[in-house]
Amino acid sequence: MEALARFITRRSGLVLLVTLAITVFAISRIVDFRTGEVHLVFDPSLDRLLPEGDEGKKFYDHVRRVFGSDETLLVALITDDVFTTDVLRSVERMTNRIEEVDGVHHVVSLSTALNIRSVDEDLEIEPFLAQVPEDPSELEQIRQEAYDNPIYAGNLVSRDGRATALFVYFVDMSEREFARRGIDAEIAEIAEEERGSAEVRITGPPHVKVATSQQLQADLIRTVPLVIALGAFLSFVFFRTLAGVLVPQLTIAIAMIWTFGAIAWSGRGLNLVTTIVPPLVQVIGFAYTVHILSAYYEALRKSARGDTEEPPMYAGLQQVALPVLLTGLTTLVGFLSLMLSTMSAIREFALFAVVGIASTVLTSLTFAPAVLHALRVPKHVPEPGDVKWFARTAERLARFNLHNRGAVLMAGVVAVIFAAVGISRIEVSSNLIEHFKEDNPVRQDFNAINDYLQGSNPFYIVVETDYSDAFTEPVNLRQLRDLQDWLQEQPEIGGTTSLVDY
């Protein structure tokens with residue numbers, strides 16, 4: 001550590017110049033200087049939470065290859081009566097415009113859904129709305145045909161006639177690509193423009209994932225400045241110097257930029273797990289820089305008393321560099337253990353956490369002491385007793401712990417027992433809707449559509465056989481019907497549709 005301290009104090013200008021160069025390079029990975037395009041993206045995909053090589057994931061990929069994308073957006077129009085000329089024309093216009101959106105495969109609505117019926121002993125197949133009628137009797141006929149259809153009643157149109165749905169299907173694309181194109185926002189804009197007097201509600205996995213991504217970004221934009229403000233406040237309270245406030249925050253900011261640059265350079269994005277990395281880097285980085293500052297100010301006090309003739313930063317870094325380095329290494333090892341996870345999102349979290357912590361250790365041991373060494377010695381060197389209330393509180397706490405060692409240990413044992421009980425009650429859930437507050441529009445739309453229609457959260461069951469044309473045989477169709485009947489009895493299931501219904 002002596003060599004490091006000597007290099008930092010003798011080559012502080014070089015250290016700052018290299019730090020600046022690395023930081024500029026990291027920023028260039030985050031943002032394209034020529035176009036302004038941001039390369040750091042948010043990936044709300046749940047696929048990254050699936051274990052690689054898992055049989056369930058293999059089957060899911062197989063089903064997507066056979067049937068195409070399973071991502072469906074549900075746009076619902078809610079009004080007093082769906083079966084009016086104005087509302088049906090809104091459905092028709094909305095359907096036509098959404099089908100023209102780049103990335104949309106097709107839309108199923110009252111204007112495109114096929115109505116299969118028997119007419120004079122013939123089979124007639126045509127859309128419900130080959131032409132939007134104005135005659136009340138024709139509107140009533142469409143109503144009855146929709147209610148009588150087991151496929152669409154309660155699914156495409158609510159059983160009370162107050163809601164109708166547009167099911168939007170997409171070409172197969174990644175969730176990141178879906179978010180990048182802004183398809184969700186474009187469809188929402190079309191729905192708002194064409195809704196007429198009806199109320200519009202939108203839900204479905206693509207919509208919820210995009211909203212989750214936006215919420216994660218908003219949380220970061222809100223959380224990071226709050227952590228910075230809290231760190232700056234604590235630094236001011238305990239150090240009472242401008243350097244004591246600015247150096248930790250600047251050091252952490254540089255480590256954050258390096259971390260974000262590494263994430264963007266890797267071609268990956270922040271996902272549901274790795275969004276924890278930025279505040280993690282802030283908290284750990286603040287602790288490291290506080291150790292550096294404390295050692296520096298202690299060395300200044302010794303120098304003022306004449307206890308040492310060495311440069312303050314040289315003496316301070318010699319004292320604290322090894323503890324900071326060892327603390328950083330043990331933390332790195334802890335996060336590296338997560339690399340054993342079979343889930344790519346967890347491994348990415350481990351990797352980015354390691355990059356972030358390594359960056360904070362490096363900047364704390366190089367940039368922070370180089371800046372402090374380059375600055376003028378402050379006129380007022382903070383003393384440990386300057387914050388008197390803290391010193392008194394710490395002293396009382398120390399005396400209490402010493403005089404009540406047995407009680408403190410017993411309290412620790414009780415806390416461990418309660419923690420063990422709490423661990424056993426942890427529940428694992430991937431329901432993104434629960435992450436939104438009750439008054440959030442995303443959750444409100446989800447609940448409203450659930451109230452009117454058979455459900456807004458699709459669940460697919462794939463039945464396979466080992467021979468062709470198996471589902472032209474009545475015995476197999478009856479088994480499908482039995483499965484549907486059982487599913488329909490489950491309280492969580494709003495409705496089912498299968499080949500049998502057709």
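Four strands, in the order E2-E5-E1-E6, make up an open sheet with antiparallel pairing; two strands pair if DSSP finds at least two bridges between them. Strands (E, at least two residues) and helices (H or I, at least four) are DSSP runs numbered from the N terminus. The model is predicted: local features need pLDDT of at least 70, side-chain atom pairs count only at pLDDT 80 or more, and totals for chains, interfaces and linings use all residues. Residues are numbered from 1 along each chain as its sequence is written, and side-chain values use heavy atoms, with hydrogens and water left out.

- E2 and strand E5 (residues 163-170) run antiparallel and are joined by 4 bridges.
- Val107 stands opposite Val168 in E5.

**Helix H2 and Ser12**
- Ser12 lies in helix H2.
- Ser12 counts as buried because its relative accessibility is 13%; buried means under 20% relative accessible area, exposed over 50%, partly exposed in between (1.4 Å probe, protein chains only).
- Neighbours within four places in sequence aside, Ser12 is in contact with Phe7, Ala370 and His373, where contact means heavy atoms within 4.5 Å.
- Leu20 also lies in helix H2.
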